[in-house]
Amino acid sequence: MRLDVALEAKTYLNRDGRTHAALGEVAFALRAGQVAAIVGPSGCGKSTLMRLIAGLERDFQGVITRPPNLRLGVVFQEPRLLPWMSAEDNVRLVAPDVGDDYLTELFERFELTEHRRHLPAELSLGLARRVALARAFAVRPELLLLDEPFASLDAATRGNLVEETSTLLSASGAATLVITHDIDAAIRLADVIYTLSARPGRLVGRLEVSAPREALTADEARWLTERLARAC
Amino acid sequence: MAWRLASLLALLAVWQIAAVSGSGHTLPGPAAVAARLLEEARSGALFYHLGVTLARVVAAFTLAMALGSAIGFAMGRRSWADRALDPLLILLLNLPALVIIVLAYIFVGLNETAAIGAVALNKLPNAIVALREGARALDSQYDELALVYRLPRAVRWRRVLAPQLAPYFAAAARSGLSLVWKIVLVVELMGRSNGVGFQMNVAFQLFDLTLLIAYALPFVAVMLTIEFLLVQPLERRVSNWRPRAA
């Protein structure tokens with residue numbers, strides 16, 4: 001599996017008929033087993049980029065190539081659980097062939113075991129996000145797209161979730177793209193971090209994260225902070 | 001429950017008083033109506049006419065809901081379909097039931113097709129409007145979910161679209177049933193030789209109020225039973241995933 005992104009521009013037509021650019025030049029590649037994070041200021045087009053890669057929008061300049069009939073796992077910014085189905089049924093809907101053992105493991109990892117039969121309305125946002133993560137892993141994705149999967153969670157929950165996600169990512173072998181403005185999570189999960197400029201987002205930096213991931217070196221930290229500051 | 005029973009008993013009492021205090025061919029009392037009802041039931045006539053009317057209600061209702069759902073869904077999803085059909089929909093919504101019935105009997109003939117078709121045509125626009133709203137309210141986020149996870153078309157229909165449309169369908173069914181059974185009686189009165197509506201016409205010609213009420217009451221009872229035992233539970237079932245209002 002290899003994803004190649006060579007985006008030149010993505011523009012939208014405003015209500016007043018004027019076009020405005022959401023994304024500029026973005027080029028990178030991602031292969032199986034690799035985790036890339038995209039960080040950038042709010043509104044720089046991170047989520048738009050994910051929608052293009054997911055195939056939800058096809059009107060753009062440039063080329064995005066990925067294998068046909070790719071098994072895709074997506075976690076949207078909001079959990080997007082179908083409210084008329086239990087947590088477990090939401091997962092089984094997209095992964096009808098998922099084995100019971102793997103499902104049980106996913107629910108245990110994300111601390112969802114006691115919530116399997118609960119409807120989304122009965123779950124907190126944090127729990128719903130975890131179901132969305134479990135759903136994405138349940139399809140055994142070849143390409144996994146995570147859009148702010150840890151947003152608006154308290155620090156402890158986020159820490160655990162990042163940890164479990166990291167373990168599952170290493171085991172899954174999926175090519176993974178994490179979109180986030182959470183630098184800590186990006187460092188913890190990604191092999192490589194790309195920074196986007198402010199709107200229209202262009203790729204302005206690339207940083208390889210080397211093990212151990214617990215902390216950045218002083219140089220790396222300064223580099224990332226500078227990039228982000230410049231981008232904003 | 002006690003209050004409902006009390007209100008029904010009060011109605012019976014008022015009816016009895018009105019019957020006793022009247023004169024000439026005025027209102028028959030509850031006892032007279034009950035006796036006539038039993039008589040009609042024993043002869044089998046009551047069940048025959050009720051059965052015929054119910055069959056027409058079911059046929060017209062099914063036809064209107066099926067057609068109306070398909071057309072409404074298409075109008076809600078495709079703007080060209082909406083633009084093309086909206087004027088016709090408005091026309092149909094504003095056409096008096098009587099006009100449709102008379103036209104149907106004139107053009108199709110005094111037969112079952114015309115009767116059921118006219119009733120269905122009266123209900124059709126309401127079903128279209130409800131399902132069009134339902135289709136417009138479909139959440140595109142779930143469409144995207146179905147797309148990225150490549151859900152098969154049948155699964156998408158059954159598990160993603162149908163649950164979103166179900167509350168609109170249930171609301172249309174509920175209002176539709178009460179509309180259909182009222183119009184079926186008019187259609188029968190004007191052009192059929194059986195059914196509760198036909199019996200109403202006979203009762204009217206003979207000025208037989210006892211007969212009229214003896215048919216009206218069980219018919220209303222049957223429709224209320226359908227409403228309480230079938231339509232309302234169904235409506236609750238399709239929307240029970242919604243958070244309860246506090």
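This is a predicted model: local features need pLDDT of at least 70, side-chain atom pairs count only at pLDDT 80 or more; totals for chains, interfaces and linings use all residues.
Two packed helices are described by the angle between their axes and the distance between the axes. Here helix α3 of chain B, residues 45-77, and helix α9 of chain B, residues 196-206, pack at an angle of about 125°, and their axes lie 7 Å apart. Angles over 145 degrees count as roughly antiparallel and those from 65 to 115 as roughly perpendicular, and α3(B) and α9(B) are therefore oblique to each other.

Chain B also touches chain A, with 13 residues of chain B in contact with 13 residues of chain A. On the side of chain B, the elements that give two or more residues are α7 (140-148) and α8 (153-191), and α7(B) gives the most, with six residues. This side of chain B divides into 10 nonpolar residues, one polar residue and two charged residues.

Chain A itself is divided into domain 1, which covers 2-71 + 141-231, and domain 2, which covers 83-139. The centres of these two domains of chain A, taken over C-alpha atoms, are separated by 24 Å. Where the domains meet, 12 residues of domain 1 of chain A are in contact with 10 residues of domain 2 of chain A. Helix α5 of chain A, residues 155-172, supplies six residues, the largest share of the side of domain 1 that touches domain 2, and that side of domain 1 is made up of six nonpolar, four polar and two charged residues.

A further feature of chain A is strand β9, residues 192-196, in which four of the five residues are buried, so the strand is largely enclosed by the rest of the structure.

| Strand paired with β9(A) | Sense | Bridges |
|---|---|---|
| β4(A), residues 35-39 | parallel | four bridges |
| β10(A), residues 203-208 | antiparallel | five bridges |

A:Ile193 of β9(A) takes part in both pairings, as the bridge partner of A:Ala37 and as the residue that stands opposite A:Leu207 in β10(A). Between β9(A) and β10(A) there are six residues, and the two strands form a hairpin.

Technical notes:
Residues are numbered from 1 along each chain as its sequence is written. Chains are lettered from A and ligands numbered from 1 in the order in which they are written. Domain bounds come from an automatic or database domain assignment. Two residues are in contact if their C-beta atoms, placed from the backbone, lie within 7 Å. Ala, Val, Leu, Ile, Met, Phe, Trp, Tyr, Cys and Pro count as nonpolar, Asp, Glu, Lys and Arg as charged, and the others, Gly among them, as polar. Axes are lines fitted to C-alpha atoms, for helices over the stretch in contact, and angles run from 0 to 180 degrees between N-to-C directions. Angles under 35 degrees count as roughly parallel, over 145 as roughly antiparallel, 65 to 115 as roughly perpendicular and the rest as oblique. A residue is buried if 20 or more other C-beta atoms lie within 10 Å of its own, exposed if 12 or fewer, and partly exposed in between; C-beta atoms are placed from the backbone. Two strands pair if DSSP finds at least two bridges between them.
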